[in-house]
Amino acid sequence: MGTIDQGTGPVTASADATKDSGAFATRYMSGSRWNPFRHKVNVNVSPLQAGLVLGFSAALVQAYFKVIPPVAYGICMVCHPRDLVNWLADHLLKIEWDYSLASSSWPLLTVVGVLLGAMVAARQHGELRPQPSRQRWFYFVNGFLMMNFGLILGSCPIRIVLLTAYGDLLGVVGCGCVILGVVMGTIALRWSARRSIARGVSA
Amino acid sequence: MTAALATLVLGFVIGYLGQRSRLCFVAGYRDLFLIRDASLLKGVIGAFLGALAGFILFKFLGGRIVGFPMLLKTPELDSVSAWLITIVGGLGVGFVGALAGGCPFRMHVLAAEGKRTYWFYLLGFYLGLIFYNLVTFHILERITSLD
């Protein structure tokens, strides 16, 4: 069906063109299916595909692009921001804060890349729109605690999976603890939701 | 310089894919436990398998995959403080991640979409880093020196 449509499209267009070049221009410059500037991009990726690319490329940057030591450091959304901020503090303000050996000469820019990539993807798909905030302080405190617990653990939930794949036994224990923590957090959320529902009913 | 550019490009790619796929390393476990939905967990399993395949392949090809597979050669395996720190940190990351509804990666992606709620998360995140440098880091040093 699709091939028939594609075949007939240009023929009618060229027939139009012989009658009126203006119509030809309108047809080909604005409405056409294959015009890359008018066509809205639609990339659909499943979590499995995204995860496979993420894991494989994390191994790639460690193997050939010097994102080492420490090992399994290709992606970390806690340690790489730490390296970036502490490197800047060290080089601009002369404050001696700790950062990893991988970012001794130049800082790791994963966070900048993630923000840019997500912004471009959202822009292309019409999902980039400002939305008002809710529960500001709750999220503020969550971010604060996440950074501290993440740096105590020495990795974020992504890197702990990479460490597990690397065969690090402490990484395996850490990954198990993260899963256990998520279960505990989910139970806490469920408990607080039930309590607020009960309170709402009684009031 | 190489590492900085490589991580910038890699960050762009995973940021793009993460926005399209809603990939999250905390919501994967949470969805399985809460609503028995394994679609996001497949992303975590995919990352594990992709990383494992990459490490094996690049080790074979002669890339810088030092000491893989670690297993019993893992450093600090006999240190009590390392175990303590790992357990406390892991439970904390999981708990806080479940409360916030996502891992730091997902939060950065949501913030980049323009959702202001997550701008406050990131504000707390980076102020938390300064707090870590000033306070938590020194407490950790004390604990590790006890070994």
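The structure is a predicted model, in which local features require pLDDT of at least 70 and side-chain atom pairs count only at pLDDT 80 or more, whereas totals for chains, interfaces and linings use all residues. Residues are numbered from 1 along each chain as its sequence is written, and chains are lettered from A and ligands numbered from 1 in the order in which they are written.

Chain B contains six helices and zero strands, where helices (H or I, at least four residues) and strands (E, at least two) are DSSP runs numbered from the N terminus. Along the sequence, the pattern of chain B reads α-α-α-α-α-α. The C-alpha trace of chain B spans about 45 × 45 × 40 Å along its principal axes. Of the 147 residues in chain B, 50% are buried; a residue is buried if 20 or more other C-beta atoms lie within 10 Å of its own, exposed if 12 or fewer, and partly exposed in between, with C-beta atoms placed from the backbone. Among contacts in chain B between residues at least 6 apart in sequence, 42% join residues at least 24 apart, two residues being in contact if their C-beta atoms, placed from the backbone, lie within 7 Å.

Within chain B, the axes of helix α4 (residues 80-100) and helix α6 (residues 116-145) come within 14 Å and cross at roughly 165 degrees. This crossing makes α4(B) roughly antiparallel to α6(B). Axes are lines fitted to C-alpha atoms, for helices over the stretch in contact, and angles run from 0 to 180 degrees between N-to-C directions. Angles under 35 degrees count as roughly parallel, over 145 as roughly antiparallel, 65 to 115 as roughly perpendicular and the rest as oblique. The crossing of α4(B) with α6(B) is right-handed; a crossing has this hand if the near helix is turned clockwise from the far one by less than a right angle, and is left-handed if anticlockwise. S81(B), I85(B) and A100(B) of α4(B) meet Y121(B), L140(B), I143(B) and T144(B) of α6(B). By class, this contact of α4(B) with α6(B) has five nonpolar, two polar and no charged residues. Ala, Val, Leu, Ile, Met, Phe, Trp, Tyr, Cys and Pro count as nonpolar, Asp, Glu, Lys and Arg as charged, and the others, Gly among them, as polar.

Between the chains, 102 residues of chain B are in contact with 107 residues of chain A. On the chain B side, two or more residues each come from α1 (2-21), α2 (27-35), α3 (41-61), α4, α5 (104-112) and α6. The residues on this side divide into 65 nonpolar, 28 polar and nine charged. Helix α5 (residues 110-124) of chain A packs against α1(B) at an angle of about 40 degrees, with the axes 6 Å apart. The two helices α5(A) and α1(B) are therefore oblique to each other, and their crossing is right-handed. The contact of α5(A) with α1(B) has 16 nonpolar, eight polar and one charged residues.

Helix α7 (residues 157-166) of chain A is mostly covered, with 10 of its 10 residues buried. Y166(A), one of the buried residues of α7(A), touches V71(A), A72(A), G171(A), F55(B), F68(B), P69(B) and M70(B), not counting residues up to four places away in sequence. Just after α7(A), G167(A) takes a positive phi of about 90 degrees.

In chain B, R22(B) has a positive phi near 60 degrees and is found in the loop between α1 and α2. R22(B) counts as partly exposed because it has 18 C-beta neighbours inside 10 Å. The buried residues of α2(B) are A27(B), G28(B), Y29(B) and R30(B). Just after α2(B), R36(B) takes a positive phi of about 55 degrees, in the loop between α2 and α3 of chain B. With 7 C-beta neighbours inside 10 Å, R36(B) counts as exposed.
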